[in-house]
Each structure stands twice: as structure tokens, then as C-alpha cells.
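Please keep the sequence and the structure in view while reading.

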Amino acid sequence: MGRVRAQAYAALAWVRERPLIAIAAALAATSLCFILVSMTKTPRDDREWVEHLSVLPAAMIDEESGAWSVSPVRDWSYEPSGPLRRDRTA
């Protein structure tokens, strides 16, 4: 038990001598954990989507001409009370 206590005191002394490095290491470890959790989650498509976000756009590139297009394109007009016009082009 004495060895563990000595190691704990040594770690605390290191943190007190180098507080900025300790903070940076804690932030890096937290960020790494968040990134790992985010990347290992499986994508889901079973949510109740807002109407204007329910259809994902798709981009297509014509290999011969190099032209590209995006469809469907949403053309909605808004007021504070809500959408005025809900046009969608294919």
C-alpha cells in the first residue's frame, strides 16, 4: 500500500510542477475518448426527420465532361411563422 501511495504523491507533485502540461494532457485524453466514441457509433436512419431535411441530396459527376450536379435541390422561402414556399427540384 505504501508503494501505491508514493506513486500517487509523485503523480500529484508532477501535476503541481507542470499544470499546463497536465491540463493539455487531460484535454487530449478527453478529446481522444470523444472521437473514439463518435467514430465507433453505427449510423442510424430511423429518426423522425424535419420535412425539409428528410431527403438527402446526391451529387453526380459526369466523367466525360467533368460537369457535376446536385439533386434534389430545396428552394424554400421562410418567414418567422414558418415556410412560405416548399419547392423541390429533381
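## Confidence

Within the chain, mean confidence is highest in helix 2, at 94, and lowest in strand 4 (residues 82-89), at 72, where pLDDT is the predictor's confidence in each residue on a scale from 0 to 100, and helices (H or I, at least four residues) and strands (E, at least two) are DSSP runs numbered from the N terminus. The chain has an average pLDDT of 84, and 94% of its residues score at least 70.

This is a predicted model, in which local features need pLDDT of at least 70 and side-chain atom pairs count only at pLDDT 80 or more, whereas totals for chains, interfaces and linings use all residues. Residues are numbered from 1 along each chain as its sequence is written, and side-chain values use heavy atoms, with hydrogens and water left out.

## Helix packing

Helix 1 (residues 2-17) and helix 2 (residues 19-40) have axes that come within 5 Å and cross at roughly 105°, the axes being lines fitted to C-alpha atoms over the stretch in contact and the angles running from 0 to 180 degrees between N-to-C directions. The two helices are therefore roughly perpendicular to each other (65 to 115 degrees).

Helix 1 contributes Trp14, Val15, Arg16 and Glu17 to the contact, and helix 2 contributes Pro19, Ile21 and Ala22 (heavy atoms within 4.5 Å).

## Salt bridge

The count comes to 1 salt bridge, defined as a side-chain nitrogen of Lys or Arg within 4 Å of a carboxyl oxygen of Asp or Glu. The side chains of Glu17 and Arg18 form a salt bridge at 3.3 Å, N to O. Glu17 is exposed, at a relative accessible area of 58%, while Arg18 is partly exposed, at 33% (buried is under 20%, exposed over 50% and partly exposed in between, with a 1.4 Å probe and protein chains only).

Key: Parallel < 35°, antiparallel > 145°, perpendicular 65-115°, else oblique.
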